[in-house]
Structures are given as structure tokens and as C-alpha cells.
Amino acid sequence: MSPSIAFAKGDGAYLWDHNGKRYLDFHAAFGPYLLGHNNREINDAVVQTMNSGSSLYGSGPTELETELAQILCENIDHIEKATMLNTGSEATALAIKLSRAVTSRDHFIVMQGGYNGNSDELACNVFNQLDEIGPRVSPGEYPIRPLGSGTVIQKQKLVHIVNYNDLASVKFICEKYPIAAVITEPVLQNIGVVRPHEGYLAGLRKLADEMGFLLILDEVKTGFRHSFGGYAELCNVAPDLVTYGKAIANGFPISVLGGKAEFMDVIASEDLSKRPLLAGTYNGHPAAVSAAIATLKILKSRGKEIYARLDRLGKLAEDGMNNAFRSKGIEASTARLGSAFSFYFMDHAPSDFHDLLTNHDFTLDVKVRKALIQKGIYFIPLATKQCSVSTSHTVDDIEEMVERFEECLVS
Ligand SMILES: Cc1ncc(COP(=O)(O)O)c(C=O)c1O
């Protein structure tokens, strides 16, 4: 990635590099910083926990883990049980293992253009070139394209890649293979903001019930960014399993796998042959768990006002970018969900990766991001990546970003 900047400090909406240059941050470290960098309330909670004598015991549940699980189970309808891990990738990998253990099936479906973590089978088909995946396929599947080398290809025969927003392809694959799970981000936020069509997620729920696979909503990026109950709450579709990470602890390393008790209980099955392996030295680390508890307490008590403010700031950013495109006479579009927004050099917001691949100008996208970075506005210099607003951003910050954005557009 270029430029590759060595950052030395983060505070609120700002980052500083090792030379002391300040940047207004819209990257948010790929999403966690909903409440701003180095949020004092959360830092204080972590320091207090560690100074109180809490440690990592590596044996048995702790009061902190129980408190976090209770907050989740009491406030999110589709979570009856939850367990804690360190990264989103660990949570999604466990979700897949659990779906296989529950259904005694091996195959699963992922979305072309979705990202669900770095485990061997899940790390595939995010940023592909057209010649790697070929023409649009529907109903049907795309060839598997691992993200990086060193992946055992035989294992990937069990993974099926379909278009997002394409129920016909999911049904088609389910009729051909014994599918344990469909895993998807409810909104594809690793290629900007690609929203579900009306009825799509409810359609996945219905297919899961008809075909007997588990619906795993990967809310590592959408969870807590859009509402306390994630996107599942907003669209009123209950997953069988759900994964969280990122914003759940505002930048501290923790992830959660939660869901229906009948499935989660298999993790602790008395019949050892049925249990998927759940292990991790740092699972439930008190620093990360107390950061999550502090974050969720803030979102619970002030959520209404926080999400409303984030939505206003997000809209200001989106409207400003659209005005900039109009004033420069550039054909482009924006897509947004609350505090997450993105821009595309194409005449409509994409509905899946293939649409994006055939219409978006990826080179111009990166060029604009690099020009913005030079002007002290940090958008990650990777095409289509989502931008995020935090509660630390002000109206002035958004207006400054929009002004610089317009300067960087070349008509
Ligand atoms: C939707 C989604 N799932 C899973 C992951 C993996 O999370 P982590 O990087 O914490 O392993 C990510 C990370 O970007 C993500 O966006």
C-alpha cells in the first residue's frame, strides 16, 4: 500500500505521523473507532480493571466475561449465548466450524466481494480482476480465488462463491451441495457500502429454514456501528449465529460469536466428539473485555443521541461529496449507511461486486485518496474502502474533508 505512513499518535478524530504531521482520520483503522481514538472513558475503564488486580487466568469464566455476555444476551434478541475471542477472523472461523458440527455438512457459501476474515477457507474472492472471475454468473458460482498464496486448494472445494443480493444462486448451490452455512456481511462494507436489496436478507433467512443451513451474519464491521443490535436489528432478520469485532470495544482486540442457544450449546457439548475446538490463550482478556463493557455501556445509555449525531455527520459528508461531484461535472455516486460512507466513479451505487468491477474506475479512486492524504485527510489508499465517521468528528471536520475532497477531484 502506498503511501505507507508510520503513525505515532491517535486522538479523537485525528492521527499524527512520526514527523508530527496531523491527519483528519476517516479510516478508523478499518472501522473500530466509533467513539474516536483513545477514548478516555474506555481507556480509564481498562486501566481501572487492570489496576484492580484483574489478570488473565486461562481457567474458567470470569465476572467480566459474564457481565459482557449478559449485556449482549439481555439487549440483543438473537443472542441467547455468547463467547469471546480476540479477532473477527477467529469468530468467523469458529462460526463455520460450529455450523459444520451442528449440521454434519461440510460445504458453505460466501459472497463475492465480501470479507469474512483471514482463515484459509474464508479468505477468498474479495478484490478480484474481471479476468480472474469472468462474466457475471447467476444462478451459479464463481471460481474460488484465494487471497494470497499458501492456501490448500482442496479445502476450498467446499467453499462456494455467489453474488451478493442473488438468492437464486444461493438456492442453486444448496440444491447441488450439502450446505452447512451461508456467511455474509449483512451490508458489504469491505467494498464500500453495498446495501442489501429489499427482502434479500429475509430471503436468506427463509432459504436457511427451508434448506437446513445456518445463517451466519458477519457483523464484525456493521455491528454496533449502526445500532446496538447491529444491522440484523435494523433489518429485522434474526441470524442463527452472529459475529462481532471492531466497534464492540472501540479499538481493543476482542471479538464475539453469539447466537441461538441450541447451536451455541454444541460448543460445550458433553459429547466431546461433537464439540468444535474453541481455544485461545487470550480469549476473554480482562483489558479487552472491560473495553467492550465500557463501549457497550456508552452505546446503551447514549446510543440514541450517538447514532442520530453520527447519521447527521455521515449525511453531511455524503451530501458534500455529491455536491463536489456535481460542481466538477464528474459522473459518480455515493453510498452510505449512518456513519459509514463510500464513493464510486460510476453512475449508480453498486449492488454487488461484479457490478462494481465492471463499472467503477478503481485507478481514479486510489488517485483521489492519495491526493487527500497529501492534504491531511486520511482515507485509506485502497480502492472502494469504506470511510467512517466517529463521535469525535465535528461539523467543521466534515466540511474541511469535503472542501479538500472537491480540490482533489479532477474534472
Ligand atoms: C466483515 C468482517 N469480518 C471479519 C473480519 C476479520 O476481522 P479481524 O481483522 O479482526 O480478524 C473483518 C475485518 O476487516 C471484517 O470486516
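One caveat to start. This is a predicted model.

Helix packing, then. Two packed helices are described by the angle between their axes and the distance between the axes. I have two pairs to show.

Pair one is α9 with α12. Helix α9 covers residues 286-328, and helix α12 covers residues 395-408. Their axes come within 9 Å. The crossing angle is roughly 20 degrees. That is under 35 degrees, so α9 counts as roughly parallel to α12. As for handedness, α9 passes α12 in a right-handed crossing.

Which residues of α9 and α12 meet? From α9, we have Leu-313, Leu-316, Ala-317, Gly-320, Met-321, Ala-324, Ser-327 and Lys-328. From α12, the partners are Val-395, Ile-398, Met-401, Val-402, Phe-405 and Glu-406. By class, this contact of α9 with α12 has 10 nonpolar residues, 2 polar and 2 charged.

Pair two is α5 with α6. Helix α5 runs over residues 167-176, helix α6 over residues 200-211. Here the axes come within 10 Å and cross at roughly 15 degrees. Again the angle falls under the 35 degrees cut-off, so α5 is roughly parallel to α6. The crossing of α5 and α6 is right-handed.

On the α5 side, the contact uses Leu-167, Val-170, Lys-171 and Cys-174. On the α6 side, Tyr-200, Gly-203, Leu-204, Leu-207 and Met-211 take part.

Next, the ligand. How many residues are around the ligand? There are 15. Thr-87, Gly-88, Ser-89, Val-220 and Lys-221 come nearest. Which helix gives the largest share of the shell? That is α3, residues 88-103, with 3 residues. By class, the shell around the ligand has 3 nonpolar residues, 9 polar and 3 charged.

Now some single residues. Start with Ala-232, in helix α7, residues 230-235. Buried or exposed? Ala-232 has 25 other C-beta atoms within 10 Å. The cut-off for buried is 20 or more, so Ala-232 is buried. Leave aside its neighbours within four places in sequence. Ala-232 is then in contact with His-78, Pro-186, Leu-217, Glu-219, Val-237, Ala-238, Pro-239 and Val-242. One distance to note: Ala-232 and Thr-222 are 10 residues apart along the chain, and their C-alpha atoms are separated by 9.3 Å.

Glu-80 next. Glu-80 sits in the loop between α2 (63-75) and β4 (81-85). With 16 C-beta neighbours inside 10 Å, Glu-80 counts as partly exposed. Glu-80 and Ala-261 are 181 residues apart along the chain. Yet their C-alpha atoms are separated by 5.4 Å. Not counting residues up to four places away in sequence, Glu-80 touches Cys-73, Lys-260, Ala-261 and Met-264.

Then Gly-134. Gly-134 is in the loop between α4 (130-133) and β6 (159-162). Gly-134 has 11 C-beta neighbours inside 10 Å, so Gly-134 counts as exposed. In sequence, Gly-134 and His-354 are 220 residues apart. In space, C-alpha to C-alpha, Gly-134 and His-354 are 9.3 Å apart.

Last topic, the backbone. Most residues other than glycine have a negative phi, and most peptide bonds are trans. Here are some exceptions.

Where are the cis peptide bonds on my list? One joins Ser-2 and Pro-3, with omega about -5 degrees. Pro-3 lies in the segment before β1 (7-11). Another joins Ser-138 and Pro-139, with omega about 0 degrees. Pro-139 is in the loop between α4 and β6. Gly-134 is found in that loop too.

Now positive phi. Asn-165 has a phi of about 65 degrees, although Asn-165 is not a glycine. Its place is the loop between β6 and α5. Asn-165 is buried, with 20 other C-beta atoms within 10 Å. Thr-384 has a positive phi as well, near 70 degrees. Thr-384 lies in the loop between β13 (377-378) and β14 (387-388). Thr-384 is buried, with 23 other C-beta atoms within 10 Å.

That is my list. Thanks.

Key: Residues are numbered from 1 along each chain as its sequence is written. This is a predicted model: local features need pLDDT of at least 70, side-chain atom pairs count only at pLDDT 80 or more; totals for chains, interfaces and linings use all residues. Axes are lines fitted to C-alpha atoms, for helices over the stretch in contact, and angles run from 0 to 180 degrees between N-to-C directions. Helices (H or I, at least four residues) and strands (E, at least two) are DSSP runs, numbered from the N terminus. Angles under 35 degrees count as roughly parallel, over 145 as roughly antiparallel, 65 to 115 as roughly perpendicular and the rest as oblique. A crossing is left-handed if the near helix is turned anticlockwise from the far one by less than a right angle, and right-handed if clockwise. Two residues are in contact if their C-beta atoms, placed from the backbone, lie within 7 Å. Ala, Val, Leu, Ile, Met, Phe, Trp, Tyr, Cys and Pro count as nonpolar, Asp, Glu, Lys and Arg as charged, and the others, Gly among them, as polar. A residue is near a molecule or strand if its C-beta atom, placed from the backbone, lies within 6 Å of it. A residue is buried if 20 or more other C-beta atoms lie within 10 Å of its own, exposed if 12 or fewer, and partly exposed in between; C-beta atoms are placed from the backbone.
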